[in-house]
Amino acid sequence: MIDSEIDKLKGFMPKHEGIALTKWSEKFSSIGPIMEIGSYCGKSAIYLSKGAILNDQLVYTIDHHFGSEEHQIKEEYFDSEIFDYKNQRVNTLPLLIKNINKIQVKNIVPIVSNSVDIASKWDAKLGMVFIDGGHSFKAANNDYVSWSTKIKKNGALVIHDIFENPDEGGQAPFEIFQKALKNNFEVYERVDTLACLIKN
Ligand SMILES: C[S@@+](CC[C@H](N)C(=O)[O-])C[C@H]1O[C@@H](n2cnc3c(N)ncnc32)[C@H](O)[C@@H]1O
């Protein structure tokens, strides 16, 4: 799928950041598989898959598909298209499957569960972890603590929605970004709100 087609899919990944995801996915999938926290409808996973397939590598993507706080009814990012009125819940899984089926190469592995629950049972070391799940401090910190230890040396941790200025956005991704810098990560590249850090 070409970038202009991916850009039309429902999601929260602008094209310039998506292109960076593809580039980093190509580089770091040579080290190991890619893990995404926060599949939503698959937009960012598809950008990741384009890079990973060049190394014949998998992209795992985790989501419970109940949406984050901001996607719930009456919240800022509520979207009636992904609300299951019969069961009165957000459900992004049908659109994730529909979007994955649009791509030719099948290297995306959806995992329908809570990110922390999967982390507690996950042993395989990863080439890159992309954190874009819950944006509360607790959720982002849980994802950082649970998944950053599973990245191989010289692999990458990518964090989305980093806003230094609180007037521009929530601070949880920025807080885990700062935490990573105090641990054994350093910035590899930054594209707008998306940062790629290398594990030393
Ligand atoms: C910001 S959206 C992801 C956007 C997606 N990466 C994109 O670019 O289109 C965050 C997603 O994380 C999921 N999520 C939040 N907390 C989670 C958790 N603890 N475990 C699994 N998924 C979670 C929500 O259901 C939501 O679909």
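User: How many bridges join strand β6 to strand β7, and do they run parallel or antiparallel?

Analyst: Quick caveat before that: this is a predicted model, where local features need pLDDT of at least 70, side-chain atom pairs count only at pLDDT 80 or more, and totals for chains, interfaces and linings use all residues. Residues are numbered from 1 along each chain as its sequence is written. Helices (H or I, at least four residues) and strands (E, at least two) are DSSP runs numbered from the N terminus, and two strands pair if DSSP finds at least two bridges between them. For β6 (residues 126-131) and β7 (residues 151-159), the strands run parallel and the number of bridges is five.

User: Which residue of β7 is the bridge partner of Phe-130, and what is the handedness of the crossover from β6 to β7?

Analyst: Phe-130 has Val-158 as its bridge partner in β7. Between the two strands the chain passes through helix α6 (residues 137-147). A crossover counts as right-handed if, with the strands pointing away from the viewer, the path from the first strand over the helix to the second runs clockwise. By that test this β-α-β crossover is right-handed.

User: What is the strand order of the sheet, and why is one side of β5 and β8 left without a neighbour?

Analyst: It's an open sheet of seven strands with mixed pairing, in the order β5-β2-β1-β6-β7-β9-β8. β5 (108-112) and β8 (185-191) each have a single partner strand, so one side of each has no neighbour, and that is because they stand at the edges.

User: Which residues stand opposite Ile-34 in β2 and β6?

Analyst: Ile-34 belongs to β1, the strand at residues 34-37, which pairs with β2 in the parallel sense over four bridges. β1 also runs parallel to β6, again joined by four bridges. The partner of Ile-34 in β2 is Val-59, and in β6 it is Met-128.

User: What does Trp-147 touch, and why is this residue called buried?

Analyst: Trp-147 sits in helix α6. A residue is buried if 20 or more other C-beta atoms lie within 10 Å of its own, exposed if 12 or fewer, and partly exposed in between, with C-beta atoms placed from the backbone. Trp-147 is called buried because 23 other C-beta atoms lie within 10 Å. Taking contact as C-beta atoms, placed from the backbone, within 7 Å, and not counting residues up to four places away in sequence, Trp-147 touches Met-35, Ile-37, Ala-119, Val-129 and Ile-131.

User: On to the ligand: which residues come nearest, and which elements give two or more residues to the shell?

Analyst: A residue is near a molecule if its C-beta atom, placed from the backbone, lies within 6 Å of it. There are 21 residues around the ligand, and Gly-11, Gly-38, Tyr-40, Ser-44 and Gly-134 come nearest. The elements giving two or more residues to the shell are α3 (43-52) and β2 (59-63).

User: How many residues of α3 are buried?

Analyst: The buried ones include Lys-43, Ser-44 and Lys-50. α3 is mostly covered, and the count of buried residues is ten of ten.

Technical notes. Contact = placed C-beta atoms within 7 Å.
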